[in-house]
Amino acid sequence: MISTRTRLFGLIGDPVSHSLSPIMQNHLFKLFGLDGVYLAFRTAGERLAEAINGARALALAGLNVTIPHKSAVVPLCDYRSPEVELLGVANTLVFRDGRIHAFTTDHSGFVDSLGGEKSRFSGSRVLLFGAGGSARAVAFALARLGIARLTIVNRSRTRGEELAEFCSRELAISAVEAISPLDPVLGGKITEAAILINATACGMFPHIEESPLSAFDLIDRRHFIYDLVYNPRETRFMRESGARGAAVQGGLDMLIFQGLAALNHWFYSDYRLDPAEMKKLKSLLNRELA
Ligand code: NAP
């Protein structure tokens, strides 16, 4: 029951109407017996500072931050975790004694979502599509997983090269390069790679016929395909790759694990989901997806 003790959490971004976070977090609060409520707040860029200060004034307990505010919110916080300092993005804010603490949980969400697939990464060659905020978080995770070689494939060449430079300088990935999706060397890179990851918005609802890869003839059963996109449940990238025998995974598990990590920051806790609870949450969220 909502009372004067109920703590308020939320999501700020623009847009937020498509977000699964309110359904997921309110479900988790109930599951773990936490007295909280979670709402979505559409927040325009020019009002971000005002929104954060308003949240501080009202003593909100915590916020998630999504596109397009993950970078802009960082300087507005009083404390930044080492990962936020390094990556320059935050997706979780904890309001504590009038101060705002910034964390990022996308990298840990990605790693936690891998489960038994984690063992594929050590010493492997990886193709990472995208060079935005989530690609940066995934690159950080890939460095920790001990990959051998990283090829970044991004539409904007400059942005891809900037991420490659960051991976080499800050993440100590020694073999890293950036290419464009139109580069003729892409085919050879696909053949050499064991893992292909989509961290672009390509294929996301409603553009479900888009894919970071336009031809799938070089994909086979040796490949592991990971798509950060979770809506639709099965993207074209996953469907076409799966049809050629590749192992495929979508972004829903990552969404759940990054959300659970945010909740654990807010409540200083270490809540986990057992397989039955995970299955129930996934089926609840899947009902909302295309
Ligand atoms: P972002 O910072 O805005 O970066 C977007 C990236 O997608 C850039 O590399 C951009 O390339 C590329 N891109 C966008 N539209 C494209 C198109 N039509 N063709 C080719 N490339 C395109 O966004 P982000 O935060 O990294 O998010 C990227 C995706 O990851 C989104 O779909 C998001 O929903 C998903 N995501 C999922 C989770 C999860 O928990 N599963 C968590 C975070 C993000 P340019 O640099 O050339 O513009």
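How many disulfides does this structure contain? The model is a predicted one, and its count comes to zero disulfides. A disulfide is a covalent bond between the sulfur atoms of two cysteines. For a pair to be counted here, the two sulfur atoms must lie within 2.5 Å. Cys 202 illustrates how the rule is applied: the closest cysteine sulfur to its own belongs to Cys 167 and is 20 Å away, which is too far for a bond.

Cys 202 is situated in the loop between β10 and β11. With a relative accessible area of 24%, Cys 202 is partly exposed, because that class lies between the limits of under 20% for buried and over 50% for exposed. Its C-alpha atom is separated by 16 Å from that of His 18, a residue 184 positions away along the chain. Another cysteine, Cys 77, has a relative accessible area of 5% and is therefore buried.

The ligand may be considered next. Its surroundings consist of 24 residues, and the closest of them are Ser 134, Asn 154, Arg 155, Ser 156 and Arg 159. Sorted by class, this shell has 11 nonpolar, nine polar and four charged residues. Two helices, α5 (residues 133-144) and α9 (residues 252-266), each supply at least two residues of the shell. The largest share, three residues, comes from α9.

A polar backbone atom of Ala 131 is 2.9 Å from an oxygen atom of the ligand. For Ser 156, which is also among the closest residues of the shell, a polar backbone atom is likewise 2.9 Å from a ligand oxygen. At Ala 201, the distance from a backbone N or O atom to an oxygen atom of the ligand is 3.3 Å. On its own the ligand has 920 Å² of accessible area, and the protein covers 80% of it.

Ser 113 and Gly 259 are 146 residues apart in sequence, yet their C-alpha atoms are 12 Å apart in space.

The peptide bond leading from Phe 205 to Pro 206 is cis, with omega near 10°. Pro 206 belongs to the loop between β10 (195-198) and β11 (224-227), the loop in which Cys 202 is also placed. A cis peptide bond also joins Asn 231 to Pro 232, here with omega near 15°. Pro 232 is found in the loop that runs between β11 and α8 (236-243).

Two alanines have positive phi values. Ala 59, although not a glycine, has a phi of about 55°. Ala 59 sits in the loop between α2 (48-57) and β3 (62-65), and its relative accessibility of 60% makes it exposed. Ala 172 also has a positive phi, near 55°, in a residue other than glycine. The loop that contains Ala 172 lies between α6 (157-169) and β9 (176-179). Ala 172 counts as exposed because its relative accessibility is 68%, and the cut-off for that class is over 50%.

Technical notes
Residues numbered from 1 in each chain as written. Predicted model: local features only at pLDDT ≥ 70, side-chain atom pairs only at ≥ 80, totals over all residues. Heavy atoms only, no water. Near = heavy atom within 4 Å. Polar contact = N/O pair within 3.5 Å; in protein donor to acceptor, adjacent residues only side chain to side chain. Areas by Shrake-Rupley, 256 points an atom, 1.4 Å probe, with all protein chains shown as cover. Helix = DSSP H or I, 4+ residues; strand = E, 2+ residues; numbered from the N terminus. Nonpolar A, V, L, I, M, F, W, Y, C, P; charged D, E, K, R; others polar. Buried < 20%, exposed > 50% of the residue type's maximum accessible area, 1.4 Å probe, protein only.
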